[in-house]
Amino acid sequence: MGFNCGIVGLPNVGKSTLFNALTETAAAESANYPFTTIEPNIGRVPVPDARLETIARIGKSAKIIPTVLEFVDIAGLVRGASKGEGLGNKFLANIREVDAIVHVLRCFDGEATHVEGSVDPVRDAETVETELLLADLDSVERQLDAALKRARGGEKEAKARLAVLEPVVEALREGLPARSVEVSRDLTPLFRQLNLLTAKPVLYVANVEEESAAVGNAHSVRVTALAEAKGAACVIVSAAIEAEVATLGNPEERRDFLETLGLEEAGLARIIRAGYALLDLVTFFTVGPKEARAWTVERGASAPQAAGVIHSDFERGFIRAETIAYDDFVTCGGEQGAKEMGKMRAEGRDYIVKDGDIFHFRFNV
């Protein structure tokens, strides 16, 4: 599974507490001083999806296996990271390795020392984003100079790189992230090769105190407005509550505890789903007596590519995908009913996977 989200932010904003709760472990040490997390901690978490339990019940599956999403807890950044301050170089290198950014912002007061001396989540967001932007600008300006020299020599690939680099440099110099640049489909591969920090999609997480977990507070209102202005998603959570919920082994205990706080579900479930959406992923299912299982592909994946997620032989020897839409599977009471009602389709190599598809792949190697 190659899809992951990096949890980033300034020191002491609750990143490691959130990561611990996400993975229900103490893998990332939490403490009241900067740089607690030196090496990135990695955890794989199940993606909540009520459809999977429904499919398993109808298919009388003995086992349920959810799809997973990977989270990486990355060391805290400080002002000047783009110039190597603090653990800047390590921080930036770790972010380059993830697919999306979960930006945790401190929206609570308290005894924990704030590296900037006061609580201001919008300022903190701008601090981190400025450092990422400056790092990107330094990288692309150097690449632009090299491409200009090669383009003058008539190198075709260099000219194509200029078509990507020039608008990116212009945007970054104006203080805009690389993801704001519109790139044509034929130049998209070159754009991705730049592996820019500000090209990665961002989810803002407003970390509030326990009393504000259900409705937020004045700080989280500002974060929500910031996210809307940037066209990004925002989730309000209390990392302290999530950490406490993670210690409750019984699902009923967790549910009762959340209800006493006015919460319908754990904030972590919303973060996981939001991270999944951030990466523009879709879920397909397989179901049988042994197991019902959820699988992940990028939106736009073909049926053979989905088959390859299960096993490379399935993709190499792909013949067809016997497909039932989730709603049809439920309405018809399972695979046999879907067959009888003419709701099972035979899809070929050109079929694009839709979220909720239930597949049975036919292949021959």
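Predicted model: local features only at pLDDT ≥ 70, side-chain atom pairs only at ≥ 80, totals over all residues.
Quick housekeeping. Local features need pLDDT of at least 70 and side-chain atom pairs count only at pLDDT 80 or more, while totals for chains, interfaces and linings use all residues. Residues are numbered from 1 along each chain as its sequence is written, and side-chain values use heavy atoms, with hydrogens and water left out.

Okay, the helix pair. Helices (DSSP H or I, at least four residues) and strands (E, at least two) are numbered from the N terminus. Helix 8, residues 239-246, packs on helix 9, residues 251-260, at about 155°, with the axes 10 Å apart. Those axes are lines fitted to C-alpha atoms over the stretch in contact, and angles run from 0 to 180 degrees between N-to-C directions. So the two helices are roughly antiparallel (over 145 degrees). Who makes the contact, meaning heavy atoms within 4.5 Å? From helix 8 we have I241, E244, V245 and A246, and from helix 9 R254, F257 and L258.

Next, H103, which sits in strand 5, residues 100-107. H103 is buried at 2% relative accessible area, where buried means under 20% with a 1.4 Å probe, protein chains only. Leaving out residues up to four places away in sequence, H103 touches, among others, D124, E129 and Y204.

Last stop, helix 2, residues 50-59: its buried residues are R51, L52, T54, I55 and A56. They pack against strand 3 (64-65), strand 8 (281-287), strand 9 (292-298), helix 13 (326-331) and strand 12 (358-363). And just after helix 2, look at K60, with a positive phi of about 50°.

Technical notes. Parallel < 35°, antiparallel > 145°, perpendicular 65-115°, else oblique. Contact = heavy atoms within 4.5 Å. Buried < 20%, exposed > 50% of the residue type's maximum accessible area, 1.4 Å probe, protein only.
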